[in-house]
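Please walk through this structure with attention to charged side-chain pairs and helix packing. The text below takes these topics in turn.

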Amino acid sequence: MTSTDVNLSCVLHKTMDMRMEERTIPMPGPGEVQIEMHSVGICGSDVHYWTNGLIGDFVLTTPMVLGHESSGTVSVVGEGVTHLKVGDRVAIEPGVSCGRCKFCRTGVYNLCPDILFLATPPVHGSLARYHVHAANYCFKLPENVSMEEGALCEPLSVGIHACRRAGVTLGSAVLICGSGAIGLVNLVTAKAMGASKVCVTDISESRLEAAKKMGADHTILVKSRDAKALAKEVEDVMGEMPDITIECSGAESSIQLAIYATKSGGCAVLVGLGPPEVKLPIVNAACREVDIRGIFRYKNTYPTAINMISSGAVNVKPLVTHHFPLEKSHDAFETAKTGAGNAIKVVIDCFKSK
């Protein structure tokens with residue numbers, strides 16, 4: 001880093017108003033590190049903030065740097081940090097909790113009411129040349145894990161948390177609704193955790209093809225919103241009703257499918273976020289003792305995600321379909337929004353090209 005360097009950043013000012021700005025290079029305080037950013041994946045939430053300016057109660061009111069799926073190299077170490085040094089390659093867990101509340105002290109820090117999560121208003125994200133982050137939420141990458149894979153630890157963490165909440169284990173029959181990036185990380189995680197068969201549904205043939213390549217045993221192209229009929233098709237294709245359904249689309253009919261399709265006594269986990277209110281066959285779920293569980297981000301997943309990638313238990317590389325330099329972030333977001341070129345995961349390269 002030299003005195004002539006600037007911190008080029010992708011800043012969202014308001015709905016559909018994204019700008020590349022030269023901002024001040026941040027310096028770390030006690031317990032923090034400065035990171036020279038390398039890879040940042042575009043999440044659906046980033047696109048949603050760009051196109052809508054809000055997600056639920058989180059409303060953009062001041063300019064905000066986007067990005068939270070990220071990795072980079074430690075460039076400056078703040079006071080009191082002993083487990084990291086300059087030059088360490090790290091994956092960045094984007095949520096920094098307070099560490100004091102009951103949720104934090106009992107290990108469910110993802111539910112901390114005061115958590116600071118990157119690129120969630122008003123917290124700045126990491127889509128920039130340089131970013132400062134709490135050192136305890138930066139995890140060193142083994143030599144055989146690339147920076148790109150380090151950034152993908154964030155969506156993979158969603159899959160790990162969802163599969164843990166669902167109770168995926170050896171021999172589980174799993175239905176995954178939705179074959180976008182989050183559906184696919186749930187697919188590879190479920191297989192790594194011992195699922196004997198995984199069926200994936202989607203409205204897109206190309207995304208189902210991606211699911212097949214990443215290990216899906218069965219795929220179903222959704223052509224109707226008749227959840228009961230589709231549940232019967234799932235049972236016919238899988239040869240049984242799934243023990244577990246992981247819903248990743250957020251669509252009302254797909255959430256209904258998750259309940260109808262899951263076997264009695266099974267578990268349906270809701271990962272996808274759609275409308276704030278949906279119509280559910282709740283009596284069906286209650287009478288058949290189908291547990292309905294939600295997830296909110298993840299907790300205690302990054303070491304597991306890194307080890308799964310490093311050991312070869314999962315392969316997340318096929319998720320990445322497009323790369324863009326930081327200077328072309330707008331093009332990257334357009335590709336992620338439209339799905340052009342069968343886009344699944346778009347990664348922005350934040351480093352300076354040589």
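**Salt bridges and helix contacts**

Arg19 is partly exposed, with a relative accessible area of 39% (buried means under 20% relative accessible area, exposed over 50%, partly exposed in between, with a 1.4 Å probe and protein chains only). The model is predicted, so local features need pLDDT of at least 70 and side-chain atom pairs count only at pLDDT 80 or more, while totals for chains, interfaces and linings use all residues. Residues are numbered from 1 along each chain as its sequence is written, and side-chain values use heavy atoms, with hydrogens and water left out.

Arg19 forms a salt bridge with Asp17, and the closest N and O atoms are 2.8 Å apart. A salt bridge here is a side-chain nitrogen of Lys or Arg within 4 Å of a carboxyl oxygen of Asp or Glu. Side chains of opposite charge can pair when their charged atoms come close. Asp17 is buried, at a relative accessible area of 15%. By this rule the count of salt bridges comes to 12.

A second salt bridge joins the side chains of Arg129 and Glu327, at 2.7 Å from N to O. This pair links distant parts of the chain, 198 residues apart. Arg129 is in the loop between strand 10 (116-117) and strand 11 (130-134), and Glu327 is in the loop between strand 19 (320-325) and helix 11 (329-338). Helices (H or I, at least four residues) and strands (E, at least two) are DSSP runs, numbered from the N terminus. Arg129 counts as buried at 8% relative accessibility, whereas Glu327 counts as partly exposed at 43%.

Helix 11 itself holds a further pair: Lys337 and Glu334 both lie there, three residues apart, about one turn of the helix. Their side chains meet in a salt bridge at 3.8 Å, N to O. Lys337 is partly exposed at 38% relative accessibility, and Glu334 is partly exposed at 28%.

Lys337 and Glu334 also take part in a helix contact: Asp46, Val47, Trp50 and Thr51 in helix 1 meet His330, Phe333, Glu334, Ala336 and Lys337 in helix 11 (contact means heavy atoms within 4.5 Å). By class, this contact has four nonpolar, two polar and three charged residues. Ala, Val, Leu, Ile, Met, Phe, Trp, Tyr, Cys and Pro count as nonpolar, Asp, Glu, Lys and Arg as charged, and the others, Gly among them, as polar.

At what angle do helix 1 and helix 11 pack? Helix 1 (residues 44-52) and helix 11 pack at about 100 degrees, with their axes 10 Å apart. Axes are lines fitted to C-alpha atoms, for helices over the stretch in contact, and angles run from 0 to 180 degrees between N-to-C directions. The two helices are therefore roughly perpendicular to each other. Angles under 35 degrees count as roughly parallel, over 145 as roughly antiparallel, 65 to 115 as roughly perpendicular and the rest as oblique.

Another helix pair is helix 7 (residues 227-238) and helix 8 (residues 252-261), which pack at about 50 degrees with their axes 8 Å apart. That makes helix 7 oblique to helix 8. In this contact, Ala227, Lys228, Leu230, Ala231 and Val234 of helix 7 meet Ser253, Gln256, Leu257, Tyr260 and Ala261 of helix 8. The residues of the contact divide into seven nonpolar, two polar and one charged.
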